[in-house]
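Colleague: Hey, I've just opened this one and I'm new to it. Can you walk me through it?

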Amino acid sequence: MTDVTDLLADSAPVPALAPPPAMDYLVSLNAEQREAVETIDGPLLVLAGAGTGKTRVLTTRFAHILLSGRAFPGQVLAVTFTNKAAREMRERVGHLLGRPAEGLWLGTFHALCARMLRRHAEYVGLTSSFSILDTDDQIRLLKQVMEARRIDAKRWPPQGLMGVIQRWKDRGLTPAAITAAEDSEFGGGAARGAYADYQARLVQLNATDFGDLMLHMTEILRTRPDVLAQYHRAFRYILVDEYQDTNTVQYLWLRLLAKREGGGANICCVGDDDQSIYSWRGAEVENILRFEKDFPGARIVRLERNYRSTAPILAAASGLIAHNGGRLGKTLRPGRADTTGERVVVASVWDSDEEARMVGGRMESLHRDNHPLSEMAVLVRAGFQTRAFEERLITLGLPYRVIGGLRFYERAEIRDAIAYMRVVSQPADDLAFERIINLPRRGVGDATLQALHHEARAAQVPLTVAVQRLLDSGALKGRVREQLNALMGCFMRARDALGRDGHVSAVGTLLDETGYTGMWQSSKSPEAPGRLDNLKELVRALADFESLGGFLEHVSLVMENEESANADRVNLMTIHGAKGLEFDTVFLPGWEEGIFPSQRTLDEGGNKGLEEERRLAYVAITRARLRAIISHAANRRIYANWQSAIPSRFIEELPDAHIEITGSASLAREQRMSAPPVFGGQFPLTAKRPRVMEATVIAAWEQPPRPKRETAIAVGARVFHQKFGPGTVRATDEDRLEIEFDHAGTKRLMDSYVEQVG
DNA sequence: GGATCGCTGATTTTT
DNA sequence: TCAGCGATCC
């Protein structure tokens, strides 16, 4: 069990007593953590502040339940929000057990629901092989529904209606449960009907969307006492991570599973109301605030000792979050030995360019002092803000990665390939079939597609069957006939091959025979080789799964980026994306009114919105172990023109004693008070005591204006760009190049983006 | 089927 | 400003 001790040693206080050997894992916990682990019976809420060892408590509790013989692995239901969290929990529980953790009901809400729903699919009109649609498919399906209902897609964007439907699903509302009063918010009363149609179409397609996984399962548990009893018998203990992020339907699902006749709900929820930042996705902080009422006799354990951050960082974060009302109330206390530390820096800069230079400069200097780049992160409010930093880092030659970009499974070629597989595994999947029916080109135009739809509707059959019927009846002619005939043959052979040769070979052959791989092989696009690599990788990944069905389940539910190794790179991401992560040094740019807090949130969400933004700020600061550098620019370019910006109110809310103000911008009091907000919003700005920022400190990172540099690349030179491929330089302007790309048109780029070739 | 034009809108996105 | 779309034309 030596590796267990290693595993727990990361931030544990030294044990006071020698433990009985079997209970090693308890001794490295502090008193509150231990209480949270050992309070086994009855409902328990663990309020775990940032960096207080939440995951540790959850995994140790899980292991403790098993090791103390209270339950077998299959009798514990453990729920997380992310696949990453689920994986981490599985690994750590395995370590504590000293063997791989198998047969666990451990996973994300959606993965667990999918697993259950495959067993009971018939209760909602599906078969166990139902498809799980991605966002793309959802929108396409909804567009079809709207068209049929003659809802003007221009006036009522499908995305908007999708949002309405999803919020309904988040709240556990089936179409039948939507009242007329509830309906009026979209499309003048058309939403309810569209929702009903959309659900009906999903059943026809033998498909669900993400929301359905929760909604259907909750519906089944609510209406089928026999099914519910089955799970009551199965699960003795329920563990829930990130409880503050649960939405209503997730809450209902949990409550159904946890509450049984004779009481004794062994549910343990871990969360932090101060880190609730997903209300816009349907999360209800009220769930955690209401816990004691929902589960009478519940115990509450607070974890407040923070082992992650220095004292000034904790003080700054605590001071900020104290401005929120209606909290359950926790105070982070430093648990680290090194309780002194650098104060949180608030840097005032002139404009966004200077901000990027400041951040880049500090990164370079830290890097020179042997701080790994991977321990530095820039956390922004919105995705587009990373661009300025990317450009600066490219200029400086510092490697970086943007977390949360396009994911592997979201790439077009991967989705296409998956669509082929879906048709094989589930012939009723019209959306998948429509996606690839003319990819590569098979001469299927609008007219053919219309005819197919017509036939499908008339005969009440899926599109693939409609194709076969039109082939048989001779309604399809010429090239289209030939091509579709061949395509149907490919699908049939693939289904045969599945059992005979295995899914890896079957899919490989399918992609080749249908001409999909060939389409990219003959493509002259500079992106084609990369896409072919991705396809190869996809087929290779198939081998990790026992069946095609298992693989498809994985790609639907585990949409994530396999990050390229652990190279030493600076991290750029949104604050939302940083939740649960930590770094030595954290840069927090753009703390300006209108940007952070976001004007739109204030306009739409009022004080609740503001409080959520403040929680976001709290999450941002508490990501830092050693250093946090907050910055705001006095001038920022919004779309076309420059506008002056005033510092975020969150800066004023940081406790003076723990911050250090620095920067080149002399933000006079007058300017601060009179400057208009960046975005013209209606939410009143706070008229609090402004923090005077007349710091005259010229920091070391302030540089003279960058000398204009002439590019070394001449007009006429051949160059290569990562994304645009080969091209010829047509003109130069200092370090800018105008390049005519062979396949991507003419672009203006900085010379550092391209490589000279030939 | 592909190129071109013009309009629009522009946070966050665990699954 | 600029990307991403839908409509329109060849």
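Colleague: Okay, which residues of α27 are buried?

Modeller: They are L548, F551, L552, E553, V555, S556 and L557. That makes helix α27, residues 548-557, mostly covered, with 7 of its 10 residues buried.

Colleague: Zooming out, how many helices and strands are there in chain A?

Modeller: Chain A has 31 helices and 23 strands. Of its 758 residues, 52% count as buried. The accessible surface comes to about 33500 Å², and 51% of that belongs to carbon and sulfur atoms.

Colleague: And what share of the contacts join residues at least 24 apart?

Modeller: In chain A it's 75%, counting contacts between residues at least 6 apart in sequence.

Colleague: What about confidence, where is it lowest and where is it highest?

Modeller: In chain A, helix α1 (residues 2-8) is lowest with a mean pLDDT of 31, and strand β15 (residues 583-588) is highest at 97. Over the chain the mean is 84, and 85% of residues reach 70 or more.

Colleague: Where does pLDDT stay under 50?

Modeller: One stretch is residues 1-21, for which the model has 21 contacts beyond four places in sequence. Another is residues 666-708, with 85 such contacts. Where pLDDT is low, the predicted coordinates should not be read in detail.

Colleague: On the DNA side, how much of what lies within 4 Å of the protein is sugar or phosphate?

Modeller: Of those DNA strand B atoms, 48% belong to sugar or phosphate, and the rest belong to bases.

Colleague: What does R281 do there, in terms of distance?

Modeller: An N or O atom in the R281 side chain sits 2.4 Å from a base oxygen of DNA strand B. L557, one of the buried residues of α27, has a polar backbone atom 3.4 Å from a sugar or linking oxygen of DNA strand B.

Colleague: Switching topic: what does the side chain of R435 make polar contacts with?

Modeller: R435 lies in helix α20, residues 430-436. Its side chain makes a polar contact of 2.7 Å with the side chain of D416, and another of 3.3 Å with the side chain of D136. Beyond its sequence neighbours within four places, R435 is in contact with residues including R140, A412, R415 and A419.

Colleague: And I321, why does that count as buried?

Modeller: I321 counts as buried because its relative accessibility is 1%, and the cut-off is under 20%. This residue is in helix α16, residues 311-321. Setting aside neighbours within four places, I321 touches D274, R327, R614, R615 and Y618. The C-alpha atoms of I321 and L616 are 9.6 Å apart, although 295 residues separate them along the chain.

Colleague: Is N635 buried or exposed?

Modeller: N635 is buried, at a relative accessible area of 14%. You'll find N635 in strand β16, residues 624-638. Among the residues it touches are W350, D351 and S352, along with W642, Q643 and S644.

Colleague: Which residues have a positive phi, then?

Modeller: Among them are R150, with phi near 55°, and N370, with phi near 70°. R150 sits in the loop between α7 and α8, and N370 in the loop between α17 and β12. R150 is exposed at 75% relative accessible area, and N370 is exposed at 69%.

Methods:
Residues are numbered from 1 along each chain as its sequence is written. Chains are lettered from A and ligands numbered from 1 in the order in which they are written. This is a predicted model: local features need pLDDT of at least 70, side-chain atom pairs count only at pLDDT 80 or more; totals for chains, interfaces and linings use all residues. Side-chain values use heavy atoms; hydrogens and water are left out. A residue is near a molecule or strand if one of its heavy atoms lies within 4 Å of it. A polar contact is a pair of N or O atoms within 3.5 Å; within protein, one must be able to donate a hydrogen and the other to accept it, and residues adjacent in sequence count only if both atoms are side-chain atoms. Helices (H or I, at least four residues) and strands (E, at least two) are DSSP runs, numbered from the N terminus. Buried means under 20% relative accessible area, exposed over 50%, partly exposed in between (1.4 Å probe, protein chains only). Contact means heavy atoms within 4.5 Å. Accessible areas come from the Shrake-Rupley method with a 1.4 Å probe; for residues, only the protein chains shown count as cover. pLDDT is the predictor's confidence in each residue, from 0 to 100.
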